[in-house]
Structure formats: structure tokens, C-alpha cells
Amino acid sequence: MSSRQDFIPEGIIPKNYQHILALVFAVKEINENPKILPNITLGFHIYDNYFDERMTYWAALNFPSTLIPNYKCNIQRHLVAVIGGLDFDTSVYLANILGVYKIPQLTYGSFAPEDPGQSQSTSFYRMVPNEAHQHTGIVELLLHFGWTWVGLLAAESGERFIQTLKPLLSQKGICLAFAETNLKTTHLAAYYAMYFQLVQIYQAILESKAKVVVVYGGTKSMLTLRTMVALGEMEIVTKISVGKVWILTAQLDFTALSHQMNWDMQAFQGSLSFAVHSNVVQGFKFFLGAQNPFEANGNGFVKQIWAQVFLCSFPNSSTEEQASGTCTGEEKLENLPSSGFEMSITGHSYSIYTAVYAIAHALHAMFLPGAKYRRMVEGEMQELQPWQLHPFLRSVSFNNSAGETVSFSVNREVEAGFDITNLVTFPNNSFMRVKVGRVSGEAATGQEFTLDDNRMVWHRSFQQVSPLSLCNPSCPPGSRKEKKEGEPFCCYDCAPCPQGKISSQKDMDDCVGCPKDHYPNMEQSQCIPKTISFLSFKEPLGMSLALFALSLCLLTVVVLVIFIKHQDTPIVRANNRDLTYALLTFLLLCFLCPLIFLRPPERVSCLLRQMAFGLVFTVTVSCVLAKTITVVLAFVATKPGSRMRKWVGKSLASSIVISCSLIQAGICSVWLGTSPPFPDSDMHSVMREIILGCNEGSVALFYCVLGYMGFLAIVSFVVAFFARKLPESFNEAKFITFSMFLFCSVWISFVPVYLSTKGKYMVAVEIFSILASSAGILGSIFAPKCYIIVLRPDLNSKEQLIKRKL
């Protein structure tokens, strides 16, 4: 078994030393466990590529040397699998060689290749989840906090990541404020040549309105990012540092070169990082703490690491002239800053640990009794070929020491997810990772992404409040987004909602109308139920009209009582006493009609309203017309030789009243039979109210009823007008003329006012017209007579009536 690690010529990346120790620890556990591979000892070789393509190919060509006869002599080793590499490019370079010999390659830090078919052909086994889960997690994380205006920094090899992520962001309404691919992989000396470029990029990031920056890359990209932030912070030392939320992908880690370990970490306070899922491995932390450069444990890396991170030297060391002292072995790895070394197992180290166990369990299954490729001779493996391990690796399934089940999916990737960690930094340039969420591809739909906001820590400039990362402030409820010409769709203006529409949430694309039974509030941010309204006795207006109607009823009753009490007096007998009683009775009913209009609009009340009003008023006007004709005929009949005497009498008046009323009854019958009135609700006339009322059914027949009453009134008015100068003893025509003039004036004015009024005020207009026109008839015809009967009884004689004007 072979593994490889990434170092750079200018210095070791101390944090990657944990990857080596995870490999050593796993092999040590397996070799000490007689239940997994009895009588077999696992070994390993570690190669480094120095971030160089040629070195990667050189190492890859050394792996299959034992598989090719006479390729290299005197090398005794049995290669079964390769674990690596950490970066995407390294994994691809290795696959080019290892794929030819079908050597299993368990990659623990990269997601290559993307195509599942390519994974099958290149012998890839990914110890990391599918990268699609990470894409989904990034999008869900941005949506969770409402971050729609974000920046993106990527390594030169990040084009594939950018091309995949951009459509996902766009579909969810998230825009990129900028996308930089300048996190170049370069040597330390080249950083000085990039000084101004890195400072410019960092200043552009700080000046951007995007408070969130997604960073994609590998170990080398993190080194460049640390350098860029350090240089940028030095340049803005006199300015106020603006906090950013750095979202790091799982390939990145907070690593540092030896000289970077003392750099300030405060700029990364509150950063969010996706990490390959890990768990506590029992005994690993103790194993890390027990590392000592003076123990003869065969670990050739420990002295190199010790000298680099503790700035000390060993006897006969080439670094002695750069050291500040001699290494004593009393130094502790746990005292190093977290960017230099972490005592908790990282996601990459956990993947290596799991990969070693996966290979061991595959070998265990391979050499079980009855296995097809079992070859055991005196405890040694003979003629074992790496390609023979594939069937057992694909089907391997076991529980590791952390209690988690490990297996590969059909695409040869472990069935695990990503942890979301929040970075908490300390003044000593160390940090702590806090797990705040998880992205799982195995969870039920809608539960793939989980996040605990209560555990979040933010950059000090955010005052421990989730920052806003928007192109412009959110449009408040009551407004909608309005696109800015030439700007991304995340940048927009806010326009108030049109009249009658609302937006109940922030950043609504469009406003919506309220249901018919609701109306918008003043802010146009929510719909409020309309109040149900109709003209009733409980309202001030309805109560006033009812009191007015009852007062007129009482007055009519008083007049009727006066006339009945003085029925034998000349003034009562001279004006057709029975017709007068009938007129007063129907005037009383006219004053009672408005009480029907003030009842709740129901089927019965709607039918009675207009029918009762039409018939009662028709009889009333018919009585007035009969009185007018009777006055005229009485005058004509008094002339000598007149033939009109036979027409004068009660029968004529009764005929006029009955015949005129029957015509109106016929119109009402047609109305009831074809399109009768019915209860209805008006939701549009008044914005905040639902007006309950009666729909007239047939508007034409409604105006026919009014028109017929108007016709009778006009006839009465014309006849009375021409009879106004008849002899005074019989002359009632002038009072009838005036009453009909008032009646016609009221109802002619009623039509335009009624049509221009809405809601319950239409009912109020009709009630007022009924009361006004009826009061006009009562006052004009009966007030003069009551005056004589009650106040001037001396005038209530036949002689006086002949002499004086009424």
C-alpha cells in the first residue's frame, strides 16, 4: 500500500503532517488487531510531489514497479492500493498511470473525476461524498441567510466548479458580484511579485457590497489566500477593516507555512467551511500528543516537522543556522496554532484513516476461506495483483472505530455527507472549528441541509448579527422589485405596489391582488378582511331615517284622527271624505315603507322592498289624481245643464284608484315572474366594506315602476295646474299642484343621485326620497286644512269657505 503527501520546496505544510499520522495510526491499529488480517502485516510508502507535475508522474511510475518484471530489482514489496492525492490535479495525474495497471486509487481530498463512467474506468474510489452535495449545500447556505450578492474566488483549476455553481445560483436568485480565478499556485518567492495584484484583489473584495465570499481551491490556494489577506490588512491598517464571511469548500483547509503560523487570523473570524464528514477516533488525540522526535519509531518526518514549527535544530541538522535553539523533545504539538497543527482529527485525516480500513477489510474479505483469489503459502501473499482487489473494495461494508458504517455507492464514493463548520478565532492566532450544520445526500427530501443558527459566531464588525449580503437593500413589504437596466437581476429598485395590490414579504417580484372579501392595508403589506355593512337601525344614519319615518307616521296618524274627529265639518265633507281617508292611510304606509329598507337584506325583505314601495306609492298618487279629477268634475257639474253630474261621486274616485293601481300591480307581477330582486353583496364599490343589499334583478322593470308613478304624478300635476283658478269654495287644486310639483322634483332628482351613489347610501337616498315626497304630499294638501280645523274653527263653515280662500 502506498500513500503520498503534498509539501512545497520552500517549507513543509505542518498541518498535513496529521494526514501522515492518521495513516500511521490506522496501519498500527490494523496490525495490532488479530481479527482483521491475521498473519499479515500492512506497510506503506509515502511519496511527495512538491506541487510539481513531473514529480507526481515520477512517483506514480514507482508504484507499479513490482508489477512489471525486471522494472526494478531488489525491491520487495506488494502494492495493493494507492491513497491520494489531496488536490484535484494530483489525483488526475496519478490516475493516468494507475489506471493503466488497474491499481485501486482511493482519493481522500479531491472529487475527481466528475463523470461516474470515468470513475469506473480509472479505478477511482472516492473517500469523499459526491461534490454535487457540496454545490447544493453552498446554495442552501446562501438561501438560508438570504445572501443574494456574493463574491467568488477560485484557483486556476476552478473553472469547472464555477461553471457548475453559476447556474445553480442563478436558478435560486443569487448573483455573483465578482468571480476571481487568481488564487494561483505559485512558489513563495513569486508572492512578492504578486504583491500589488493581491492587494488590489483584497481591496476590491472589501469595497464590494458583497459581504460573503465563496472560496474554492486546494491547499496551495489557501496559502495564497492567507498571503492576500495578510498583505491587504497591512495596507488598510489606518482604515476600518470591513468584515467578510468566507465560505470555504471542502478541498480547502486553514493551513499555513511555518512563517504564516503567526499571522493574524481575526479576518477569518466567523468563516463557514464545508468539510468532509469526520468523527472522533478513539486514541488518535493521545497518539498525536505522544509524538516525540527522539523516539526511534521509524517516523522520518517528525524531526523535519519539529525543526520547522518549533524553530529548533537537531545535532548535525542542515537547518541549524536558521534555528533559535536546540530541539529538546519537550515541545508539544498541541501548543502550536491551529493553522499549524490541529489536535482534533480533520476531515482529510479521517478520510485517510477510513481508506486504510477499507483496504484492510477488502483484503480480509479477499482471503476468507472460499474466496476466489485466496492464495496463502506460509503466511505470505503470493501472486496478488492489485486489480483483484476491486470486487472486494466495491462491496466492502464495515463499522469503523467511530461507530459509523463505511461503504461505497455504485459510483465508488463513500455514502457520507459534509459537515458545515464555523470558525472561532482567538488572539493567539489559533482557532476552533464548531460544527453548526450538515449536508447529507442520504437524508429524506427537504432534510438534506440542516443548520443551527444559535451556535453561529460572526466577525466582530457584524456585532454578532447575521450580515446582509445584497446588491441593494431589500424591498420592504408593500413594494415590488423593479429591474435596473444593464444590471444583474439581483440589483433592482423598489416600486410601490399599485392601488389595490399588496406584497406581504420582502423582495417580491410582483404585487398580488387581495381576495374579493379583503382589502389592502395602508402600507399595502397585507390583506384585511372587509367589514360587512348594510343600512340598518343600528347605524346613526339608519336610526335617523327610522326616527324621521316614525315621526311622519305619527304626524299622519294625528292628521287622520283630526279628520275623523271633524268628519262632519264642511271642510272635511267638501273634499271627498272617503278619498281623504284613503290618501292618509296610504301616506301612513308610505312612511312605514322605509322600515322594510332598514332590515337586513334577505330574500323576503328584498322582494317586499320595491313591490310594497311601488304599489303603496301608486295608490297614494292615484288618490291624489282622483281628488284632482273629482275637483274638476265637481266644478263642471255645477254648471246649469251639465251632463257631468252623473260622473261625480264615489264610484269615479274608486275606479280611478283601482284601475291605476292594477296597472302597477301588473308591472310588479311581471317583475316578480321574470327577474325578481334578490340579496346580493357588493365587494367593489367601497374598498374596505362588503355592502349587503338587494339586487333589483331587472333594472328596466325597476325604472318602469318609477316611471309609471312619475307618469301619474305628472298627470295629476297638469290637471291640478289647469284647475288652480277654479272657484275658491271648491278649489283644492292649487295645493295638489304644489304637492305634485314637490313630488316630481324629488323623484326627478332621485335618478341621478341614486346612480352616482354607492353602497348603503343608495338605500339611504331612496328612503329619503320616499319620505320627502310623501311629506310633501302630506304637508301641501293637509296642512292648510288642519290649520283651519284646529286653529281657525271659525273659518270651518260653508259660508266662510265660500267667501275665503283656503
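Q: What share of the contacts in the protein with a separation of 6 or more comes from residues 24 or more positions apart?
A: The structure is a predicted model, and contacts in it are taken as heavy atoms within 4.5 Å. Among the contacts with a separation of 6 or more, those between residues 24 or more positions apart account for 70%.

Q: What percentage of the residues of the protein count as buried?
A: A residue counts as buried when its relative accessible area is under 20%. The protein has 806 residues, and the share of them that count as buried is 51%.

Q: How many helices and how many strands are there in the protein?
A: Both kinds of element occur in the model, with helices and strands each numbered from the N terminus. The protein has 22 helices and 28 strands.

Q: In which strand is confidence highest in the protein?
A: The protein averages a pLDDT of 81, and 84% of the residues score at least 70. Residues 375-381 have a pLDDT below 50, and this stretch has 12 contacts in the model beyond near neighbours in sequence. Over residues 4-10 the pLDDT also stays under 50, with 42 contacts beyond four places in sequence. Confidence is lowest in strand S13 (residues 376-377), at a mean of 40, whereas the highest value, 94, belongs to strand S9 (residues 245-248).

Q: Are H19 and H20 roughly parallel or roughly antiparallel?
A: Helix H19 spans residues 699-722 and helix H20 spans residues 733-756, and their axes lie 8 Å apart. The two helices pack at an angle of about 150°. Angles over 145 degrees count as roughly antiparallel, so the relation of H19 to H20 is roughly antiparallel.

Q: How many nonpolar residues does the contact of H19 with H20 have?
A: The crossing of H19 and H20 is left-handed. On the H19 side the contact includes Phe-702, Tyr-703 and Leu-706, and on the H20 side it includes Trp-747, Phe-750 and Tyr-754. By class, the contact has no charged residues and two polar ones, while the nonpolar residues number 19.

Q: Are H14 and H21 roughly parallel or roughly antiparallel to each other?
A: Helix H14 (residues 540-565) and helix H21 (residues 760-791) have axes that come within 10 Å. These axes cross at roughly 25°, and the crossing is left-handed. Because angles under 35 degrees count as roughly parallel, H14 and H21 are roughly parallel.

Q: How many charged residues are in the contact of H14 with H21?
A: Among the H14 residues in this contact are Leu-541, Phe-548 and Thr-556, and those of H21 include Tyr-761, Phe-782 and Lys-785. The contact divides into 19 nonpolar residues, one polar and, in the charged class, one.

Q: Is Ala-275 buried or exposed?
A: Ala-275 lies in strand S10 (residues 272-276). Not counting residues up to four places away in sequence, Ala-275 touches Ala-250, Phe-418 and Asp-419. The C-alpha atoms of Ala-275 and Ala-250 are separated by 4.4 Å, although the two residues are 25 residues apart along the chain. The relative accessible area of Ala-275 is 16%, so this residue is buried.

Q: Is Ser-533 buried or exposed?
A: Ser-533 belongs to strand S26 (residues 531-533). Beyond its neighbours within four places in sequence, Ser-533 is in contact with Glu-539, Glu-689, Ile-690, Ile-691, Leu-692 and Lys-760. Its relative accessibility is 5%, so Ser-533 counts as buried.

How values were computed
Residues are numbered from 1 along each chain as its sequence is written. This is a predicted model: local features need pLDDT of at least 70, side-chain atom pairs count only at pLDDT 80 or more; totals for chains, interfaces and linings use all residues. Side-chain values use heavy atoms; hydrogens and water are left out. Axes are lines fitted to C-alpha atoms, for helices over the stretch in contact, and angles run from 0 to 180 degrees between N-to-C directions. Helices (H or I, at least four residues) and strands (E, at least two) are DSSP runs, numbered from the N terminus. Angles under 35 degrees count as roughly parallel, over 145 as roughly antiparallel, 65 to 115 as roughly perpendicular and the rest as oblique. A crossing is left-handed if the near helix is turned anticlockwise from the far one by less than a right angle, and right-handed if clockwise. Ala, Val, Leu, Ile, Met, Phe, Trp, Tyr, Cys and Pro count as nonpolar, Asp, Glu, Lys and Arg as charged, and the others, Gly among them, as polar. Buried means under 20% relative accessible area, exposed over 50%, partly exposed in between (1.4 Å probe, protein chains only). pLDDT is the predictor's confidence in each residue, from 0 to 100.
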